[in-house]
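Please examine the sequence and the structure shown below.

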Amino acid sequence: MVKSVAVILAGCGVYDGTEIHEASAVMVHLSRAGAEVNFFAPNIEQMHVVNHTSGSATDEKRNVLVESARIARGKIRDLSELRAAEFHGLIIPGGFGAAKNLSSWAVEGKDCTIQKLVENTIKEFHAAKKPVGLCCISPVLAAKIIPGCELTVGYDTECEKWPYAGTAATVKDLGCKHVNKNVHEAHVDVKNKLVTTSAFMCNAPVHEVYDGIGAMIIEVLKLA
C-alpha cells in the first residue's frame with residue numbers, strides 16, 4: 001500500500017520560511033520510501049521578509065502559501081483543505097518560518113501561540129493516532145500542543161556544535177520530556193506517535209542533517 005503523507009511548509013528560506021535543505025531531505029526520503037508527498041501551507045502573510053544575504057528584515061510583504069509553492073514546484077494546497085483522514089502521516093520541516101509563520105515562538109518563546117490551522121491539524125492527526133514528524137525548531141509546536149510529549153531538538157548543553165541548545169530547557173519548562181539525540185538520530189515518542197530530529201539545530205554538515213531526517217521519515221512510515 002502506498003502511504004500518503006502531508007507536508008506543511010512555512011515559506012521559502014531559512015530565516016523567514018521553511019529551511020529548503022530540510023524540505024528537500026523530506027521529499028527525497030519520502031520518495032525513496034515510495035510514499036506520496038502532498039504539500040500544504042497556510043494562506044497568510046509572513047511575519048516579515050528577510051534578506052538572506054544580510055540577515056536583515058526588509059519592507060517587503062510575502063504570502064506563506066505563495067512562497068512555499070517555490071519548494072513544492074507549484075503543487076501545493078491551502079492548509080485549510082488538509083484533512084487527517086486522507087493521509088497516513090504528517091511532516092513539518094524546520095526553518096524560522098515554523099517559529100515565525102506557523103507560530104509566534106521566535107518572539108514569545110514558551111508563551112507563543114500556534115497558528116490556528118496548524119494547531120488544529122496537529123491535534124487532528126494526534127487524535128486520529130497518526131504519526132507526526134517534526135524537525136529542527138518545529139518540535140516546539142508539539143511541545144505547545146501535546147502535553148507531556150517526548151521530543152528532541154538535539155542536545156541540551158550549548159556549545160559550538162549545539163548553538164540552540166537552550167530550546168531544550170524551554171521545552172522542559174512546558175512540561176515535555178527532552179531526549180538528547182545526535183543529528184543523525186531521531187527520537188520516537190511511541191505513545192504519542194511523535195517522531196523528531198534536530199536537523200539544523202545542530203551545526204553539522206548537510207549530509208548528517210539529511211541522514212537524521214531520513215531516520216525520522218523511516219520511523220514515521222513505520223508508525224503509519
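**Gly-11 and its surroundings**

Not counting residues up to four places away in sequence, Gly-11 touches Gly-17, Thr-18, Gln-46, Val-64, Glu-67, Ser-68 and Ile-71; contact means heavy atoms within 4.5 Å. The model is predicted, so local features need pLDDT of at least 70 and side-chain atom pairs count only at pLDDT 80 or more, while totals for chains, interfaces and linings use all residues. Residues are numbered from 1 along each chain as its sequence is written, and side-chain values use heavy atoms, with hydrogens and water left out.

- Gly-11 is located in the loop between strand S1 (4–8) and helix H1 (20–32). Helices (H or I, at least four residues) and strands (E, at least two) are DSSP runs, numbered from the N terminus.
- Gly-11 counts as buried, at 0% relative accessibility. Buried means under 20% relative accessible area, exposed means over 50%, and partly exposed lies in between (1.4 Å probe, protein chains only).
- Gly-11 and Ala-69 are 58 residues apart along the chain, and their C-alpha atoms are separated by 8.0 Å.

**Overall form**

- The protein has 8 helices and 9 strands.
- Along its principal axes, the C-alpha trace spans about 45 × 40 × 35 Å.
- Of the 224 residues in the protein, 53% are buried.
- Among contacts between residues at least 6 apart in sequence, 73% join residues at least 24 apart.
- The accessible surface comes to about 9800 Å², and carbon and sulfur atoms account for 50% of this surface. Accessible areas come from the Shrake-Rupley method with a 1.4 Å probe; for residues, only the protein chains shown count as cover.

- In soluble globular proteins, nonpolar side chains tend to be buried together.
- Beyond its neighbours within four places in sequence, Ile-213 is in contact with Glu-22, Ala-25, Val-26, His-29, Cys-135, Thr-197 and Ala-199.
- Leu-223 is also found in helix H8. With neighbours within four places in sequence left aside, Leu-223 is in contact with Pro-131, Val-188, Lys-193 and Val-195.

**Aromatic pairs**

- Rings of Phe, Tyr and Trp (its six-membered ring) pair if their centres lie within 6.5 Å; planes under 30 degrees apart count as stacked, over 60 as edge-to-face and the rest as tilted. By this rule there are 3 aromatic pairs.
- Phe-40 and Phe-87 form an edge-to-face pair, because their ring centres are 5.7 Å apart and their planes lie at 85°.
- Phe-40 lies in strand S2 (residues 36–41) and Phe-87 in the loop between strand S3 (76–78) and strand S4 (89–92), so the pair ties together parts that are 47 residues apart in sequence.
- Phe-40 is buried at 0% relative accessibility, and Phe-87 is buried at 4%.
- Tyr-155 and Trp-162 form a tilted pair, with 5.2 Å from centre to centre and 35° between the planes. Tyr-155 is partly exposed at 31% relative accessibility, whereas Trp-162 is buried at 5%.

**Asn-101**

- Asn-101 is found in the loop between helix H3 (96–100) and helix H4 (105–108), and it is buried, with a relative accessible area of 5%.
- A polar atom of the Asn-101 side chain lies 2.9 Å from the backbone oxygen of Asp-16.
- A polar atom of the Asn-101 side chain lies 2.8 Å from the backbone nitrogen of Met-47.

**Positive phi values**

- Most residues other than glycine have a negative phi, and most peptide bonds are trans.
- Lys-129, a residue other than glycine, has a positive phi near 60°. Lys-129 lies in the loop between helix H5 (116–127) and strand S5 (132–135) and is exposed, with a relative accessible area of 63%.
- Cys-136 has a positive phi of about 65° although it is not a glycine. Cys-136 lies in the loop between S5 and helix H6 (139–145) and is buried at 7% relative accessibility.

Key: Polar contact = N/O pair within 3.5 Å; in protein donor to acceptor, adjacent residues only side chain to side chain.
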